[in-house]
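Opening the notebook on this one. I want to look up a few spots first and the overall build after that.

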Amino acid sequence: MNIVILTGAGISAESGLGTFRDKGGLWETADWRDLATPEGFSRDPGLVHDFYNMRRARVRAARPNAAHAALARLQADGRHAVTLVTQNVDDLHERAGAAGVIHMHGTHLVALCAACAHRWPAPDQMAPADTCPECRGTARPDVVWFGEQPYHMDMIVSALAGCDLFVAIGTSGVVYPAAGFVEIATRTGADTLELNLEPGERASDFAAGRFGPATQVVPAWVDEMLA
Ligand code: BV8
């Protein structure tokens, strides 16, 4: 079966990384307009670098959980063709052994030159004085902020067009275009499943849903797929 999986912050929650919109989430204490928009970055690059420095440190200290491991197991088994798309900017899928992970919102482990688009591995701590090693332009985290075009959309849309099953895991279904993937999958006749702590904004668009912590719900689903 061709399976497209979309993950959100909820799959990394039990690894200790914050989600955005839950109680105590990252957007509760800070305003996304200041931290996740190009305007916010040009207004106060130090604030934005501090935000990503804090999250980069958390990711380095975090470990993949049973949900990340289960998806890597599903992919490695080989009986199903699994395309793994994530909105997350952490590398926990890769550290659990997943391959070809599509980071549609980028990854804060890579630095991007705002002038020439050169990319290089992000140091643990980035600061406004950091410049591009190629052209001395302004360095920023290689993440997709609001109003910016998500990465690899052509690859994602063609994977959705050819899939038999679309599964969304640990995402609130609030941010587009990711939140609209269930519609694309449904239109092409795929089955759809939501695995989440609780029903997301688009829950009614999924053919089925299973709710509970990802470290329980995801391995149970993968065991069924590999039975
Ligand atoms: C674009 C940066 C166009 C990286 C982020 C009006 C209507 C519709 C759309 C729009 C609109 N106005 C503006 C827009 C577009 C906008 C958008 O969708 N806004 C929304 C808010 C209305 N989208 C954009 O701007 C996107 N770009 O559209 O570009 C374009 C086209 C051409 C050319 C140029 C431009 C860009 C969107 C990306 C923004 N970047 N972050 C970072 O810092 O990480 S957004 C941020 O939200 C993250 O990327 C995150 O991945 C994403 C989604 O959040 P979730 O992952 O779902 O996390 P959340 O906290 O919301 O939910 C957690 C879930 O986990 C919950 O369901 C919870 O129940 C569950 N959970 C919790 N614990 C557990 C659990 N599940 C399982 N187990 C647990 N233990």
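Started with histidine 93, which sits in helix 6 (residues 92–95). Helices here are DSSP runs of H or I with at least four residues, strands are E runs of at least two, and both are numbered from the N terminus. This is a predicted model, where local features need pLDDT of at least 70, side-chain atom pairs count only at pLDDT 80 or more, and totals for chains, interfaces and linings use all residues. Residues are numbered from 1 along each chain as its sequence is written, and side-chain values use heavy atoms, with hydrogens and water left out.

Is histidine 93 buried or exposed? I get a relative accessible area of 1% for histidine 93, so it is buried. The cut-offs: buried is under 20% relative accessible area, exposed is over 50%, and partly exposed is in between (1.4 Å probe, protein chains only). Then I looked up what histidine 93 touches, leaving out residues up to four places away in sequence: Thr7, Ile11, His68, Leu71, Leu84, Thr86, Ala98 and Val101. A contact means heavy atoms within 4.5 Å.

Rings next. I find seven aromatic pairs in the structure. The rings of tyrosine 52 and tryptophan 145 have centres 6.4 Å apart and planes at 45°, so I log that pair as tilted. The rule covers rings of Phe, Tyr and Trp (its six-membered ring) with centres within 6.5 Å; planes under 30 degrees apart are stacked, over 60 edge-to-face, and the rest tilted. This pair links distant parts of the chain, 93 residues apart: tyrosine 52 is in helix 4 (residues 45–61), and tryptophan 145 is in the loop between strand 6 (139–143) and helix 7 (153–161). Both tyrosine 52 and tryptophan 145 are buried.

Another pair I checked is phenylalanine 166 with phenylalanine 206, which is stacked at 6.1 Å centre to centre and 20° between the planes. Here too distant parts of the chain are linked, 40 residues apart, with phenylalanine 166 in strand 7 (residues 165–169) and phenylalanine 206 in the loop between strand 8 (191–196) and strand 9 (208–211). I have phenylalanine 166 and phenylalanine 206 down as buried. Ring pairs also link Phe20, Trp27, Phe41, Phe51, Tyr52 and Trp145 into a cluster.

On to helix 9 (residues 214–225). Its twelve residues reach 16 Å from first C-alpha to last, close to the 16 Å expected at 1.5 Å a residue; the expected span is 1.5 Å times one less than the number of residues. Which residues of helix 9 are buried? I list Ala214, Val217, Val218, Pro219, Trp221, Val222 and Met225. Their cover includes strand 1 (2–7), helix 5 (66–77), strand 7, strand 8 and strand 9.

Three strands make an open, antiparallel sheet in the order 5-4-6, where strands pair if DSSP finds at least two bridges between them. Strand 5 (119–121) and strand 6 are the edges, each pairing on one side only. I count five bridges between strand 4 (residues 106–113) and strand 6, and cysteine 113 stands opposite alanine 139 in strand 6.

Overall build, last. The protein comes to nine helices and nine strands. Buried residues are 50% of the 227. Of the contacts with a separation of 6 or more, 65% are between residues 24 or more positions apart.
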